[in-house]
Amino acid sequence: MQNCQEIAAGLFYLGGNDRRIALFESAYPVPRGVSYNSYLLKDEKNVLLDTVDNAVSDLFFENLTFALGSDTLDYVIVQHMEPDHSATFARLVERYPDVTVVTSLKAAQMLKNYFGFAGKTRIVKEGDTLSVGRRTLTFVAAPMVHWPEVIFTYVPEDGILFSADAFGTFGALSGNVFADWAGFEREYLDDARRYYFNIVGKYGAQVQSVLKKAAGLNISLVCPLHGPVWREDFGKYLQKYLTWSAYEPEERSVAVFYASVYGHTQNAAEIVASAVAARGVRVKVYDVSVTHTSELLAEAFRASHVVFASTTYNNGIFVSMENFLNDLKAHAFQNRAYAVVENGSWAPQAGALMDGVLSSMKNMRRIGEKTTVLSAVGADSAQALRELGAAIAADVKAE
């Protein structure tokens with residue numbers, strides 16, 4: 001049974017939720033599920049903006065049929081070709097063979113690659129417009145946010161921005177689709193941060209370019225392809241994107257990441273954290289062998305100061321810590337103060353190796369020298385760890 005919602009005059013939400021999915025893109029845990037959003041804009045011409053993943057295809061087509069009623073579907077705008085937004089495209093054009101596909105040149109080639117589609121197509125680029133009656137759609141190129149074919153669609157008459165994957169988030173919707181109703185900061189911000197840094201975060205420069213374009217638009221409604229729709233206080237979320245895409249810390253705080261086998265490196269990490277907290281600085285501690293890398297990544301980008309503590313393993317960095325550091329580097333981690341703590345029973349090496357990875361990243365500043373634990377924390381190393389925590393807390397407060 002259909003479950004579409006009219007979210008503005010003549011604009012219908014046609015999406016659905018998948019709460020059974022375990023891994024988004026087979027990589028990122030989504031314990032709260034994910035939504036796949038699609039929108040129908042009704043005017044003299046009826047325009048569908050993107051399709052959905054196969055997981056919610058039946059509901060999508062029921063919603064579309066209900067929202068159209070006896071009307072025809074004139075256009076489908078393909079903003080983003082990733083299969084979670086285009087998987088049902090072939091079924092759509094089978095049902096509506098006279099529909100005109102509006103998309104970018106790169107997306108048109110992808111439609112051929114995925115579906116062998118060579119039907120009625122209108123190629124658009126930056127600044128092109130499409131009149132659909134009372135409204136005129138304007139297209140905004142958004143390459144590498146986060147695929148090269150992406151376009152946004154803007155409706156100046158109503159201030160509506162259809163933003164593809166930008167401003168999206170993990171997490172299924174619960175009844176109402178609006179961010180203000182859902183309590184976004186409480187319910188979705190952590191998922192939004194994790195979504196951004198894992199899915200889009202590598203392309204900060206491209207995101208900044210698109211945000212400059214968005215800043216010049218009169219926006220009253222933002223419709224992303226995942227997560228809630230924005231009708232109030234969008235500026236607060238936009239500011240998050242400006243901070244995130246500039247690779248700047250979201251808050252002055254400390255994140256401590258440790259890799260420990262028998263608990264001694266964990267002990268060292270928590271001594272540092274306790275010394276930080278004792279000075280009134282917010283600190284969070286993570287075991288990199290237990291916490292999923294996608295969450296670790298988001299937390300590293302959230303904080304201004306990061307500590308990495310690892311045991312030496314096979315004369316190198318412990319496996320889970322090495323993987324985490326490599327993931328940070330792949331996502332262009334930068335602009336942070338950091339400290340390293342190593343452990344080793346006979347030949348500690350992890351500190352120098354971690355420092356080698358971190359110092360190769362852009363604009364990274366180390367606090368102090370590496371702190372070494374030999375097997376277990378003793379009186380001397382405990383004092384050194386407390387001094388490191390004090391130095392980190394002082395650095396947080398100093399800036």
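In this predicted model, C223 touches I7, L11, Y39, I160, L161, F162, S163, A164 and V229, leaving aside residues up to four places away in sequence. The residue itself belongs to strand β16, which covers residues 221-223, and C223 counts as buried because its relative accessibility is 1%, whereas the cut-off for buried is under 20%. The C-alpha atoms of C223 and A166 are separated by 9.3 Å, although these two residues lie 57 residues apart along the chain.

Two packed helices are described by the angle between their axes and the distance between the axes. Helix α7 (residues 189-200) packs with helix α11 (residues 293-302) at an angle of about 100°, and their axes are 9 Å apart, so the two helices α7 and α11 are roughly perpendicular to each other. On the α7 side the contact is made by R193, R194, F197 and N198, which meet S294, E295, L297, A298, E299, F301 and R302 in α11. Sorted by class, this contact of α7 with α11 holds four nonpolar, two polar and five charged residues.

The table gathers values for the chain.

| Property of the chain | Value |
|---|---|
| Secondary structure | 14 helices and 23 strands |
| Span of the C-alpha trace along its principal axes | about 80 × 40 × 35 Å |
| Buried residues | 57% of the 399 residues |

Among contacts in the chain with a separation of 6 or more, 72% are accounted for by residues 24 or more positions apart.

Note on methods. Residues numbered from 1 in each chain as written. Predicted model: local features only at pLDDT ≥ 70, side-chain atom pairs only at ≥ 80, totals over all residues. Heavy atoms only, no water. Helix = DSSP H or I, 4+ residues; strand = E, 2+ residues; numbered from the N terminus. Buried < 20%, exposed > 50% of the residue type's maximum accessible area, 1.4 Å probe, protein only. Contact = heavy atoms within 4.5 Å. Axes fitted to C-alpha atoms, helices over the stretch in contact; angles between N-to-C directions. Parallel < 35°, antiparallel > 145°, perpendicular 65-115°, else oblique. Nonpolar A, V, L, I, M, F, W, Y, C, P; charged D, E, K, R; others polar.
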